[in-house]
Amino acid sequence: MTYTKFIDILKSHAEPTFADFQKRLIPTKYEILGVRTPTMRAIAKEYEQFKDEILAFPNEYYEVIFIKLTIVSALPYDEFIKELEYCVSLMDNWALCDCFKAKCVPKNKARFLAEIERLFSHGGEYYERYALVSLLYYYVDKPYLATIENYLLHANTATYYVHMAVAWLTAEILIKEYEYGVNVLKKGILTAKTHNKAIQKAIESYRLTQEQKDYLRSLKISKK
């Protein structure tokens, strides 16, 4: 599989109108061809036997990066870990970050916590966001809540996509472990902006009762 042939395959599925839509939605340095997500996933599955070649391709197109991440996300745990930091280093937007869900992590959660810590400690907006989104996907459960709270405390929410990830993660705690989430809010460990965004996102969920939503509204921090 050559790079030129692979790009030709992607271009055969590209939709210029969809590309224009994505460019408005996804802030990225990569060129966007406009290939839809289900199609990219199908291409990743079809050409996964060319993993080494594809991972070595230049990082010019959003779709190539997406397919690289999709192929890596399907690897067994030890192989996935070998490629993990490379994959995170390619992320420059929320879409690549949030779609990178490894199939092997749920069965290796205890081991993967060390990788989350390493990536979070690296610093940088998408290293932190990937760590936080991973906690959201795999760890919002009683045994891990104190660990998650520590990440919420130390996340750099001055950056927009970390701020949104912390709000999203806190909202998920409120939805799944309501009392714990309320206690997190009452501790005041989040900035006012992130605190209020977390409440907003939780209130938008159908999984909370009206009574719970009304109480969360009472915990909002008023703007001065």
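I took a salt bridge to be a side-chain nitrogen of Lys or Arg within 4 Å of a carboxyl oxygen of Asp or Glu. I worked on a predicted model, in which local features need pLDDT of at least 70 and side-chain atom pairs count only at pLDDT 80 or more, while totals for chains, interfaces and linings use all residues. Residues are numbered from 1 along each chain as its sequence is written, and side-chain values use heavy atoms, with hydrogens and water left out.

**Entry 1. Salt bridges**

I counted 12 salt bridges by this rule. I looked up Arg36 and found a salt bridge with Glu15, whose closest N and O atoms are 3.0 Å apart. This pair links distant parts of the chain: Arg36 is in the loop between helix H2 (16-25) and H3, and Glu15, 21 residues away, is in the loop between helix H1 (3-12) and H2. Helices here are DSSP runs (H or I, at least four residues), numbered from the N terminus. I noted Arg36 as partly exposed at 38% relative accessible area, and Glu15 likewise at 31%; the term covers values between buried (under 20%) and exposed (over 50%), with a 1.4 Å probe and protein chains only.

**Entry 2. Helices H6 and H8**

I then looked up Asp78, which forms a salt bridge with Arg111 at 2.8 Å between the closest N and O atoms. Asp78 belongs to helix H6 (residues 77-89) and Arg111 to helix H8 (residues 109-122), 33 residues apart. Arg118 forms a salt bridge with Glu85, at 2.4 Å between the closest N and O atoms. Arg118 lies in helix H8 and Glu85 in helix H6, so this pair ties together parts 33 residues apart in sequence. I recorded Arg118 as partly exposed at 34% and Glu85 as partly exposed at 32%. A network of salt bridges links Glu85, Glu115 and Arg118.

**Entry 3. Largest pocket**

I read a volume of about 210 Å³ for the largest pocket. A pocket is an open set of points on a 1 Å grid over the protein atoms alone, where a 1.4 Å probe fits, with protein on both sides within 12 Å along at least five of seven lines; lining residues have an atom within 4 Å of a point. The volume is the space filled by probe spheres set on the points. Among the lining residues I listed Arg41, Lys45, Glu48, Thr70 and Cys99. Helix H3 (37-46) and helix H5 (62-73) are the elements that give two or more residues to this lining.

**Entry 4. His154**

I located His154 in helix H10 (residues 145-154). The His154 side chain reaches the backbone oxygen of Asn150 at 2.9 Å.

Note on methods:
A polar contact is a pair of N or O atoms within 3.5 Å; within protein, one must be able to donate a hydrogen and the other to accept it, and residues adjacent in sequence count only if both atoms are side-chain atoms.
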